[in-house]
Amino acid sequence: MRLAIGMATIAIVTSISPSFAANELDQPGAGATDDAIVVTARRKEENVRDVPIPVSVFSAEELDRTSTFNINRLRELIPTLQFNSSNPRNTAVNIRGLGAPFGLTNDGIDPGVGIYIDGVFYARPASASFDFVDIERLEVLRGPQGTLFGRTTTAGAINITTQDPSFEPEGRAELTYGNYGFIQGKATISGPLWGDKLAGRLSFSGTQRDGVITNVALQEDVNDLNNLGLRGKILFEPNTQWRVILAGDFNRQRADCCTQVVAGLAPTLRAANRQFAGIAAALNYTPPSFNAFDRVTDIDSPLFARQDLGGASLTIERSIGSGVLSSISAWRYWNWDPSNDRDFIGLPVTTVSANPSQQRQWSQELRYAGPLAQRVDVVAGAFFFRQTVESQGAQEQGAAASRFLLAPSALAIPALLDGLRQESDIKLDNLSAAIFGQLDWSVTNRLHLLPGVRFNYDRKQADVAQTISGGLSPAMAAQRALQNSILSAQSFQANADDFNVSGQITALYEVNNDTNVYATYARSFKPVGINLGGLPLNAAGQPAVEIATIAPEDVRHLEAGVKSRLPGGVTLDITVFRTTTQDYQTQVVNNTVGVLRGFLANADEVRVQGVEADTRKNFGKWLTLYGSAAFTDARYVSFPDAPSPLELTGGPSVVDASGGRLPGVSRWAASLGGEIRQPVTFSNRDLIAYFGVDASYRSDFSSSATPSRFLNVDGYTLLNLRAGLRAPNGVEIFGWVRNATQTEYFDFLSAAPGGSGLFVGQVGDPRTFGLSVRAPF
């Protein structure tokens, strides 16, 4: 197997993550060298503890066995991975609390956690909502990786490697059925196309599940799953020096989702007739439930999330002496077509809320990994990236909007806002180029120094035009001012560029054959941003163009760790870290509904610090125990002009959030698990029976850009179980239960638009169970 960590090529001898591949049970003493790897850039075999990067690695077998078929479920295995998604477009992947702002997506900023598949950077975070297709291995690298990866990543990287074509015919099929109408099918076929020079591989994955929320007004279930994925590869190896892979993929999502449900009411500083209870009474409306875990809604706008994601890549590798020169050329597309109900209730407040988008990206990476001198290895490369995004937003208000969004008056008649519509035409051109490199200097046989540097240039150009139509017409001047306070026409252009130099220095010391220690200091920059979702109005009623451009983040990172093997075969890895970010890019929400996507702002400074620990113990071939835990303290150091929290609506427009905790980050998080295996005989066949348990815990966390006492998600524990039979020929059948204890928990909470005090939440999945069968052919 070959694994790319940064630009170096690494071969995994055996898996290093929480369970056993099927054939490991046939190997005497399996697990004794479960973390040995070969770093081919230095042409020597070394233990994973020699790699001075906190990294979690999962094989395809491990992900399949724990029903981890997308990044969302990966957070149950990695305590410092956070995943937040109100719909596929509004997906944020964070590591240690950093990476993307909490809330609705703004296309004008870049993710701080890079997602790479076969070395190709995926610019759209929405790609994280798709299923894995025929992957070989997944690695999560924590901390800045800008001196090794083509695209700068200030918080970490998720690096996915898919299976390459084989020169021996092979195939595999898997079928899963579960409650809530869950059906998942996977199939792969691979083999030679032309002797031992050309091979191909074709893979399929499809997932369907009924909705877990009931719309009582329409008597239908929503928030379902409907995913389809195809991936193909052609491998050409004319000789031992050249290796060429042409790959293509197509992914489609057609879900009836995504809504949140009413979770509660917060008292605000507005008059009683402008709070939800007073508004609802005036409109003779009652939500179907104030208990979110009744899982009911009565939204009255069409609901769907349709996206297509795909592309092609060409990877060329050329061996040069002991090194490898690699080129990765890629083109990708993403098309997004949604319909949302952004008031989240059965009143015609916002009847249309959609932001269709089309993205195209081109990337080229060229890198060399190999020896530079007798005791020095080098990884060096150049990267070019261009992205275009076109969006056509629409928001329309309904007959209840005047009463819900405006103070009652003789001017705020129902017809004032009924049919008021804002349409947006947004274009973004994003260009990035970089030169990067890192040395590995063996100062002595035990001490290594690894300096790295990155020269990075980013340029963004945006054109935003928003027009208004509908509503009461003709209207008096005072009424037009009220209309503009909800939805306003605005047009602006913004251009931003930035050049920066970043880098890191790492020291690695081998204390003895079982223990290594390392320390890293890194400085990196998250690119400049542009507000694309619309701007708030200033005191003169005009768009605040002075905040159209958002400063780049300046990240300073310190980390130290120890990787060790203790007596008895126990492995223990501990990492301490501290990251300070100046000009932190955060998402804030205006108290009106007119800013469709919220808007971006820079918090002066945030700080994240903590401790991570990972341990594992193999008891021969028959029992494996593993666990991970993290303490993360993530806070605003200085944010004096933060938006007011929900409960202060109607009062001050800004507050000082300095000292408050960052959203989405649990102070404590852990995952524990194990698998026991036992030989059995069934119908004269030798089989392996196994039973596995995985549990994850997250303590409470803030669910608001500015801490609010009403938007805190309580801590929760999830328990997943699995049991099955495995044959030596690879046939396997197993049953699984997720959320076995039927824990009621929220993925997140958010304030409903309009400032009424209503807040809504996305409830986590209920107990699910099913049966999976897989077989080679």
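Visitor: How many aromatic pairs does the structure hold?
Guide: This is a predicted model. A pair counts if the ring centres lie within 6.5 Å. The number of aromatic pairs in the structure is 15.

Visitor: Which kind of pair do Tyr116 and Phe149 form: stacked, tilted or edge-to-face?
Guide: Their centres are 4.6 Å apart, with 45° between the planes. Stacked needs under 30 degrees and edge-to-face needs over 60, and the rest count as tilted. So the pair of Tyr116 and Phe149 is tilted.

Visitor: How many residues apart in sequence are the parts that this pair ties together?
Guide: Tyr116 belongs to strand S8 (residues 113-117). Phe149 sits in the loop between strand S10 (135-142) and strand S11 (156-162). The pair therefore ties together parts whose separation in sequence is 33 residues.

Visitor: Are Tyr116 and Phe149 buried or exposed?
Guide: Buried means under 20% relative accessible area. Both Tyr116 and Phe149 are buried.

Visitor: What is the angle between the planes of Phe276 and Phe290?
Guide: These two rings form an edge-to-face pair, 6.5 Å centre to centre. Edge-to-face asks for over 60 degrees. The angle between the planes of Phe276 and Phe290 is 85°.

Visitor: Where in the chain do Phe276 and Phe290 lie?
Guide: The pair links distant parts of the chain, 14 residues apart. Phe276 is in helix H3 (residues 276-282). Phe290 is in the loop between H3 and strand S20 (296-297).

Visitor: Which residue has its charged end over the ring of Phe577?
Guide: A charge sits over a ring if, among other things, NZ of Lys or CZ of Arg is within 6 Å of the ring centre. Here the charged end is 4.0 Å from the centre of the Phe577 ring. The residue is Arg96.

Visitor: What is the omega of the peptide bond from Ser473 to Pro474?
Guide: Pro474 is in the loop between strand S28 (447-469) and helix H6 (477-486). The bond from Ser473 to Pro474 is cis. Its omega is near 0°.

Visitor: Is Asn684 buried or exposed?
Guide: Asn684 lies in the loop between strand S39 (668-682) and strand S40 (685-698). Its phi is positive, near 60°, although Asn684 is a residue other than glycine. Its relative accessibility is 80%, so Asn684 counts as exposed.

Visitor: Which residue in S11 is the bridge partner of Val113?
Guide: S8 and S11 run parallel, and 5 bridges join them. In S11, the partner of Val113 is Gly156.

Definitions and conventions:
Residues numbered from 1 in each chain as written. Predicted model: local features only at pLDDT ≥ 70, side-chain atom pairs only at ≥ 80, totals over all residues. Heavy atoms only, no water. Phe/Tyr/Trp six-rings, centres within 6.5 Å; stacked < 30°, edge-to-face > 60°. Helix = DSSP H or I, 4+ residues; strand = E, 2+ residues; numbered from the N terminus. Buried < 20%, exposed > 50% of the residue type's maximum accessible area, 1.4 Å probe, protein only. Lys NZ or Arg CZ within 6 Å of the ring centre and 35° of its normal. Pairing = 2+ DSSP bridges.
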